[in-house]
Amino acid sequence: HLAAALGRTPLSLLAAVPELGVVMSREETPTSRFRSERERLPIALARVAIALAIEEPVVLFLDDFHHADDATLAAIQELASAPDHRVLALLSRRSDDGADERLASLARARAPLTTMTLGPLGARDVLAVVADVVHADPWDAQPLAEVVLEKTGGNPLFIHRFLRALG
């Protein structure tokens, strides 16, 4: 399945995963709208995921989708157009990041999209995180948790960074 799905493949994919050379052609991908190997690599990786999904479902996670380049967006569209949709792509982005146009382009490509908005953690959740990190009883961690919540606004990333900075 893998060799058929990939056909001629970017050499950078073979460089990244030499074991794929057993089933893949070492010919370069013909010229496309993506000129460099770096730009063609996401499409090749998407095709690997699709080929692997024939046997077992595949889950991919792409963090910071708001930083995705055109080649990565094309790869996600390739995943979305795969028959049987046995590839689940989870994309994370900040809500104020300007990635709305990228999501709209996926919707235009008929990619099945579900969005979830995650808000800040509440006081009880921050307390649980702080108590766990400092290995303390929640009662004893309460004063620190209040400061952490005030300073971070309940943002999990900021909580993590704040607690690491405290050492």
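## Definition and basis

A pocket is an open set of points on a 1 Å grid over the protein atoms alone, where a 1.4 Å probe fits, with protein on both sides within 12 Å along at least five of seven lines; its lining residues have an atom within 4 Å of a point. The structure is a predicted model, in which local features need pLDDT of at least 70 and side-chain atom pairs count only at pLDDT 80 or more, while totals for chains, interfaces and linings use all residues. Residues are numbered from 1 along each chain as its sequence is written, and side-chain values use heavy atoms, without hydrogens and water.

## Second largest pocket

The lining of the second largest pocket comprises 17 residues, with P42, L45, A46, L60 and L79 nearest the centre. Its space is about 280 Å³, a volume being that filled by probe spheres set on grid points joined across faces, edges and corners.

Helices (H or I, at least four residues) and strands (E, at least two) are DSSP runs numbered from the N terminus. At least two lining residues come from each of α3 (37–52), β1 (58–62), α4 and β2; α3 contributes the most, with six. By class, 16 are nonpolar, one is polar and none is charged (nonpolar: Ala, Val, Leu, Ile, Met, Phe, Trp, Tyr, Cys and Pro; charged: Asp, Glu, Lys and Arg; polar: the others, Gly among them).

## Largest pocket

The largest pocket holds about 1,400 Å³ of space. Of its 34 lining residues, L91, S92, R93, M116 and L118 lie nearest the centre. Two or more residues come from each of α4 (70–80), β2 (87–91), α5 (100–108) and α8 (156–166). Strand β2 gives the most to this lining, with five residues. The lining of the largest pocket has 20 nonpolar, nine polar and five charged residues.
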